[in-house]
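Trainee: Before I rely on any label in a structural description, I would like to see the value set against the criterion behind it. Could we work through some labels in that way?

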Amino acid sequence: MMPPDQQETSSTLPGNNSHPANSTMPSSSSGNVSPCLEDPDNKQHDPPRFSILGESLLPVTLKFEDVTYNVDLAPGKGGCCSSQDPKPTRTILNGISGIVRPGELVAMLGPSGSGKTTLLTALAGRLPGKISGRITYNGHPFSSSMKRKTGFVSQDDVLYPHLTVLETLTYAAFLRLPKELGKEGKIQQAELIIMQLGLTRCRNSVVGGPLLRGISGGERKRVSIGQEMLVNPSLLLLDEPTSGLDSTTAQRIVATFRGLVRGGRTVVTTIHQPSSRLYRMFDKVVVLADGCPIYSGHAGRVMEYFGSIGFEPEINFMNPADFLLDLANGIAPDTKQDDQLDLTTTGISHHHDDQNSIKQSLISSYKKNLYPLLKAEIQTTSQDPIHFKSGKLRLRENQWTSSWWLEFKVLLRRGLQERKHESYSALRIFQVLSVSILSGLLWWHSDTSHIQDQVGLLFFFSIFWGFYPMFNAIFTFPQERPMLIKERSSGMYRLSSYFFARTAGDLPMELVLPTVFVTISYWMGGLKPSLVTFILTLLIILFNVLVSQGLGLALGAILMEVKQATTLASVTMLVFLLAGGYYIQHIPPFISWLKYISFSHYCYKLLIGVQYSANEVYDCGLRMHCRVMDFPAIKYLGLDHKWMDVSALLLMLVGYRLLAYVALRLGQPH
C-alpha cells in the first residue's frame with residue numbers, strides 16, 4: 001500500500017530537520033469531533049500541517065531471517081520444534097523469517113507463550129542475550145540512528161500516574177524532539193498528537209495507575225502510542241495494544257495504525273485474538289506455535305493456504321484469527337468437542353500427542369511450502385533508495401536531540417511535579433513532627449549536669465537521620481526502573497542528566513524535614529543556646545542526611561530489588577549503630593575498623609565537637625566540676641581532628657553517589 005499524497009505535511013513532521021518557524025496550530029474547529037471517542041482515520045481527508053498521518057521521512061524495510069533465541073534453563077525438554085535430547089536451554093524462537101515493507105501493517109498471532117513478545121522485542125533491538133539469524137533495517141543492522149527512528153510500545157503502559165495527558169506528552173516532546181523546533185514548536189506537536197489520537201476531552205486528566213483513578217485503558221494506550229509518534233518513527237512496534245479493551249476501542253486504535261501506514265511507515269504489532277473486523281485491517285500476519293512459525297504472509301491468503309494442506313474450517317464464515325489460534329494450539333478444525341472433554345490420564349496424554357502431531361505437521365508444511373518462497377522474496381527484494389550511510393544523516397542522528405542542561409531542567413521539573421504528592425505527604429510530615437516533638441519532650445531542657453542524656457540526644461540525631469533518609473532513598477531507582485529502561489531504550493536522554501535531576505529533585509524535601517526536626521528538638525532539648533552552635537549542628541545533620549541518602553541510592557541501584565536492598569540496609573545500619581561510639585567504647589582491635597566506615601560515627605563526633613568547648617565543665621557531683629572533654633564517652637571519641645571527620649563524610653558523599661551512578665550505568669540494557 002502506497003502512502004497518499006500528503007507531501008505538504010512531511011516537511012513539518014517532528015522528525016524532520018527543517019521546520020518552518022512560523023508554523024501554526026490547526027484551527028480549533030477540528031476539535032468538535034467527539035474528542036476521546038473520535039476515529040483518527042476519519043481526519044485524513046484534511047490533515048493538519050503537522051499531521052502524524054503524513055508521510056514518513058525515512059521509510060524502512062524490515063527483514064528478519066531465521067531468527068532464533070534461546071534462554072538458559074534447567075535441563076529439560078524444549079519446545080515442539082526442538083530436538084528430543086535434554087538441553088540446559090529453552091528455544092523461545094526457532095527459525096522465524098519475514099519481511100515488512102513501508103506502508104504495511106503486520107500482525108503477529110499465536111497463543112500465550114508462543115514467542116510473540118520476544119520476537120517483537122528482538123525486532124526493536126531490545127532483547128538481551130545473543131540472537132541467531134539476521135535482522136536488518138533497509139539492509140543494515142540495528143544502530144543508534146535506527147533506534148531514534150523506531151517507536152516501541154510495550155504491553156504494559158509505563159506512564160507517570162500523577163501527570164496529565166498533556167503534561168505527559170509535553171515532557172516527552174521536550175526530551176525527544178530536536179532543539180531546532182523550540183519550546184513553542186514542541187508544545188504544538190504535543191497538542192497535535194492529542195488531537196490526532198482523539199485525546200482532546202481528557203487532555204487535562206491525570207493518567208492514573210493502580211492506586212490512582214485516571215483515564216481509561218484505551219486512552220492510556222493511546223497516550224503511550226502518542227509518546228512514540230512524537231518523533232515521527234519510521235518503524236513502529238506495538239505489543240498487544242488492544243489487550244483488555246472492548247472491540248470498538250480496539251478498532252479505533254487499529255484504525256489509527258492504518259492511518260500511520262498510509263504515510264509510508266512500517267508497523268508491526270502483536271495482537272491477542274482479534275475480531276474479524278480487526279483481522280481484515282492487517283496486510284500480513286505471522287503465526288507462531290511454541291516459538292516456531294506456521295504461517296508468514298498475506299492475511300487474505302491464510303484460509304486458502306491452510307485449506308490446501310488439509311485444514312479447512314467447518315464454518316464458512318469463521319473468524320480467521322480464531323481459526324489460526326486453534327491451529328497454533330494444535331486443534332484441528334474437525335476435532336470433536338467431546339474429545340476435548342476427556343479428562344482421564346489416557347485421554348489427556350492422547351490429546352497432548354495429537355496436538356503435538358498437528359503442530360509438527362503445520363511446521364513441516366511451512367518449511368516445505370512457505371519458507372522457500374519467503375526466503376526467495378527476502379533475497380530478491382531490491383535495496384531501498386534511502387540508506388543510513390549518508391554522512392549528514394548519520395551525524396544528525398547520532399547526536400542527542402537536546403542539550404544536557406535542557407534534559408536536566410525538564411527531568412527535574414517533571415520529577416518534582418510527579419513526586420510532590422509523595423514527598424509532601426501528610427504521613428511523612430506527621431512522622432517527622434511527632435518524633436521531633438516526642439524527643440524534645442523526653443529531653444526537655446536538659447543541661448550539662450546530665451551530660452550523658454545530652455550525648456544520647458546527639459547520638460539519636462545522627463542515628464535517626466541516618467536511618468530515615470537511607471530507607472527512603474532505597475526505593476528510588478527500583479521503583480523507576482521500568483520508566484528508566486523504557487525511556488533510555490528510546491534514547492530520550494543521557495543517564496547522567498537523569499541521575500543528577502533525580503537526586504536534585506529529592507533535596508528540597510530531604511533537607512526541609514531535618515531542618516524542622518532539628519529546630520524543634522534542639523531548643524526543646526536544652527542544648528547549647530547559641531545560634532552559631534545551632535547552625536553548625538543543623539549543617540552537620542544535613543551533611544549526614546546527604547551521605548545517608550547516597551548510601552540508600554547506591555544500595556537500590558546495585559540490587560534493584562526493594563526487599564533485598566532493605567534487608568542489606570538494615571544490617572548495614574545496625575553495624576553503623578553499634579560501631580558509632582555510643583554503646584561500645586572499647587571495641588576489640590580486630591574489629592575496631594568498623595567505626596571508620598560508619599558515617600554515623602563521624603556525624604556523632606562532629607555533633608559532640610561543636611556542642612562542647614575544650615574548657616567547658618559540668619557538675620560531676622559532691623560540688624565538683626569536671627571537664628567535659630574528660631567525660632569517658634567523649635574522651636574515647638577523640639575530638640582533635642574535626643576536619644578529618646568532615647573529609648571522611650565528604651568522601652562518602654561523593655563515593656556513594658558515584659557508586660550509584662556506576663551501578664545504574666552497568667545495569668542499563670545495551
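Mentor: Gladly, and we start with a term: a strand here is a DSSP run of type E with at least two residues, and strands are numbered from the N terminus. With that in hand, T91 is placed in strand β2, which covers residues 87-100. Keep in mind throughout that the model is predicted.

Trainee: Why is T91 called buried?

Mentor: Buried means under 20% relative accessible area, and T91 has 19% relative accessibility, so T91 counts as buried.

Trainee: What makes the pair T91 and N70 a polar contact?

Mentor: The cut-off for a pair of N or O atoms is 3.5 Å, and the side chains of T91 and N70 are joined at 3.0 Å. Leaving aside neighbours within four places in sequence, T91 is in contact with Y69 as well as N70.

Trainee: How do you know that N319 is buried, and where is N319 found?

Mentor: N319 is found in the loop between α9 (302-308) and α10 (320-328), and its relative accessibility of 12% is the reason why N319 counts as buried. The side chain of N319 reaches the backbone nitrogen of A321 at 3.1 Å, while its contacts, not counting residues up to four places away in sequence, are P274, S275, S276 and Y279.

Trainee: Why is the span of α4 said to agree with expectation?

Mentor: The expected span is 1.5 Å times one less than the number of residues; the twelve residues of α4 should therefore span 16 Å, and the end C-alpha atoms are 16 Å apart, which agrees.

Trainee: What makes α4 a mostly covered helix?

Mentor: Eleven of the twelve residues of α4 are buried, among them V165, L169, F174 and R176. The buried residues of α4 pack against β5 (150-153), α5 (182-196), α6 (217-229) and α14 (404-423).

Trainee: Which residues touch the most other members of the largest nonpolar core?

Mentor: The largest nonpolar core has 92 residues, and those touching the most other members are F257, V285, F306, F477 and L664. Helix α4 gives the most to this core, with eight residues, and at least three residues come from each of domain 1 (62-70 + 88-154 + 233-332 + 357-379) and domain 2 (404-667). Leaving aside neighbours within four places in sequence, F306 is in contact with I294, Y295, F311, F323, L324, L327 and L362. A second, separate core of 57 residues includes I474, A565, L606 and M652.

Trainee: What does the UniProt record list as "transmembrane region"?

Mentor: The unreviewed UniProt entry lists several spans under that name, including residues 457-478 and 531-558. In the model, residues 457-478 are 95% helix and 0% strand, with end C-alpha atoms 34 Å apart, while residues 531-558 are 100% helix and 0% strand, with end C-alpha atoms 41 Å apart.

Trainee: Finally, why is P514 called buried?

Mentor: P514, which lies in helix α18 (residues 495-524), has 0% relative accessibility and so counts as buried. Not counting residues up to four places away in sequence, P514 touches W465, M509, L538, I541, L542 and V545.

How values were computed. Residues numbered from 1 in each chain as written. Predicted model: local features only at pLDDT ≥ 70, side-chain atom pairs only at ≥ 80, totals over all residues. Heavy atoms only, no water. Helix = DSSP H or I, 4+ residues; strand = E, 2+ residues; numbered from the N terminus. Buried < 20%, exposed > 50% of the residue type's maximum accessible area, 1.4 Å probe, protein only. Polar contact = N/O pair within 3.5 Å; in protein donor to acceptor, adjacent residues only side chain to side chain. Contact = heavy atoms within 4.5 Å. Core = buried A, V, L, I, M, F, W, Y, C linked by side-chain atoms within 4.5 Å. Domains from an automatic or database assignment. UniProt positions renumbered as here; feature names shortened; annotations may be inferred.
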